[in-house]
Amino acid sequence: MHIYVLGSGIVGVTTAYYLAKKGFEVTVLDRQDGPALETSFANAGQISPGYASPWAAPGIPLKAIKWLFQEDAPLIMKPTLDIAQYRWLWSLLRNCTAKNYAINKERMVRLSEYSRLCFDRLRQETGIRYEDRQRGTIQLFRTQQQLDDSAKDIQVLKEMGTPFEVLDRAGILRYEPGLKETINEFVGALRLPLDETGDCFIFSERLVELAKALGVRFQFAQHIERFDDQNGEIKGIWVNGELVTADAYVVALGSYSTALLKQVGIDVPIYPLKGFSLTVPITDESKAPQSTVLDETYKVALTRFDQRIRMGGMAGVNGFDLSLKDKYLKTMHKIFNHVFPNSGNLQEATFWTGLRPATPDGTPIVGGTRYPNLWINSGHGTLGWTMSCGAANYLADLIAGEKPEISTEGLDISRYIKR
């Protein structure tokens with residue numbers, strides 16, 4: 001059985017690998033000149049199942065209003081003429097209830113925790129390395145209210161059996177001594193000892209080589225145009241002006257999945273959330289992070305690679321705009337200095353942006369469609385790196401007709417279909 005995987009970001013590459021492990025013949029198509037050159041290129045670097053949470057949460061509507069007038073706000077709103085933007089925001093607001101938050105977080109944590117298991121297996125089986133560390137992650141709280149609000153997330157962690165620690169200032173410094181200059185800014189933290197870190201781009205490149213060894217073909221610089229659908233089945237896909245065919249197709253095009261699927265009548269509520277990152281050379285290791293530190297106030301993550309710090313965060317709801325503006329760079333510099341001052345050379349930092357494909361409820365869309373040979377693996381938002389291996393392995397099981405290792409409830413497109 002021959003399968004085309006459309007997209008070679010972290011989700012497309014892992015999908016191709018796990019399908020090949022099942023014995024499928026796999027070809028990957030991508031418009032870029034190599035793998036992981038868009039959203040997966042310079043993400044925040046943390047693999048954080050326990051922090052998997054939807055943006056849609058109680059209190060977010062009020063916070064969003066305040067963020068409109070805040071210079072260093074984690075959410076950037078820019079109105080466009082695209083009706084999809086307003087539909088997505090309306091759906092997001094409808095998910096901002098305690099009931100929906102609990103449902104959506106459970107789905108996200110379920111898939112993310114499974115992905116952690118898949119990462120562990122992959123390292124053991126292949127020896128793949130990607131500047132990875134298995135030292136846990138820490139979520140920092142600047143106010144008592146933030147610490148108190150974490151109780152609902154802790155309850156989900158308990159229900160999922162995920163280990164955690166609530167830390168005071170001394171506890172924070174045991175794991176992250178580089179915070180000693182700013183520790184008084186924080187009232188406490190939540191640590192997840194099983195969370196991991198790593199460079200997603202390096203991982204993707206190395207997994208491509210492992211996938212090639214399993215027979216996967218990668219075809220880059222390909223213009224994917226549209227599907228050819230006839231009589232309730234996808235007969236092929238037009239690429240570079242030619243019709244190519246396979247037995248099945250997996251759409252893993254991130255934010256660009258929406259437009260392609262819409263052509264065959266599949267409406268997925270995946271919208272691009274613009275994110276930013278800084279990659280900073282380390283100048284003083286004693287002042288640098290040891291793993292990943294997340295600042296709850298600014299909604300940013302600072303992750304340690306071998307000789308670099310990757311800082312990722314912010315979310316822009318403004319369509320497919322990829323511009324890099326100085327005011328956002330200044331904001332990133334400011335936040336960096338509020339957490340790990342004097343740890344790296346900001347003058348030599350690399351500023352980057354990418355479009356995170358987000359659903360309004362936070363859970364990705366992984367599974368089949370009304371076309372028996374068309375599958376989706378997209379909409380992972382800020383957690384594409386965290387969920388990648390789990391979502392890919394889960395989908396490979398579905399396509400192979402095998403029972404997945406986790407529950408399928410709420411993970412496919414059916415949750416958006418009105419009944």
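The questions below concern a predicted model.

Me: How much space lies in the second largest pocket, and which residues are closest to its centre?

Reply: The space in the second largest pocket comes to about 1000 Å³. Its lining is made of 32 residues. The closest to the centre are Arg-87, Ser-91, Pro-269, Pro-360 and Tyr-416.

Me: Which element gives the largest share of the lining of the second largest pocket?

Reply: Elements that each supply at least two lining residues are helix H3 (83-94), helix H4 (98-126), helix H9 (257-262) and strand S14 (271-281). The largest share is 7 residues, and these come from H3.

Me: How many charged residues are in the lining of the second largest pocket?

Reply: Sorted by class, the lining of this pocket has 16 nonpolar and 6 polar residues. The charged residues number 10.

Me: How many cavities of 30 Å³ or more does the structure hold, and which residues are closest to the centre of the largest cavity?

Reply: The structure holds 1 cavity of 30 Å³ or more. The volume of the largest cavity is about 120 Å³. Among the 18 residues lining the largest cavity, the closest to its centre are Trp-55, Ala-358, Thr-359, Gly-362 and Gly-381.

Me: How many charged residues line the largest cavity?

Reply: The lining of the largest cavity has 10 nonpolar and 7 polar residues. Its charged count is 1.

Me: Which residues of H6 make the contact with H4, and how many residues of the contact are charged?

Reply: H4 passes H6 in a right-handed crossing. From H4 the contact uses Tyr-101, Lys-105, Glu-106, Val-109 and Arg-110, and from H6 it uses Lys-152, Asp-153, Val-156 and Met-160. The contact residues comprise 4 nonpolar, no polar and, for the charged class, 5.

Me: Which hand does the crossing of H1 with H11 have, left or right?

Reply: The axes of helix H1 (residues 10-21) and helix H11 (residues 384-399) come within 8 Å and cross at roughly 35 degrees. The crossing of H1 past H11 is right-handed.

Me: How many residues of the contact of H1 with H11 are nonpolar?

Reply: H1 contributes residues including Ile-10, Val-11 and Leu-19, while those of H11 include Trp-385, Leu-395 and Ile-399. The contact has no charged residues and 5 polar ones. The nonpolar residues number 10.

Definitions and conventions
Residues are numbered from 1 along each chain as its sequence is written. This is a predicted model: local features need pLDDT of at least 70, side-chain atom pairs count only at pLDDT 80 or more; totals for chains, interfaces and linings use all residues. Side-chain values use heavy atoms; hydrogens and water are left out. On a 1 Å grid over the protein atoms alone, a cavity is a set of points where a 1.4 Å probe fits but cannot get out, and a pocket is an open set with protein on both sides within 12 Å along at least five of seven lines; lining residues have an atom within 4 Å of a point. Grid points are joined across faces, edges and corners, and a volume is the space filled by probe spheres set on the points. Helices (H or I, at least four residues) and strands (E, at least two) are DSSP runs, numbered from the N terminus. Ala, Val, Leu, Ile, Met, Phe, Trp, Tyr, Cys and Pro count as nonpolar, Asp, Glu, Lys and Arg as charged, and the others, Gly among them, as polar. A crossing is left-handed if the near helix is turned anticlockwise from the far one by less than a right angle, and right-handed if clockwise. Contact means heavy atoms within 4.5 Å. Axes are lines fitted to C-alpha atoms, for helices over the stretch in contact, and angles run from 0 to 180 degrees between N-to-C directions.
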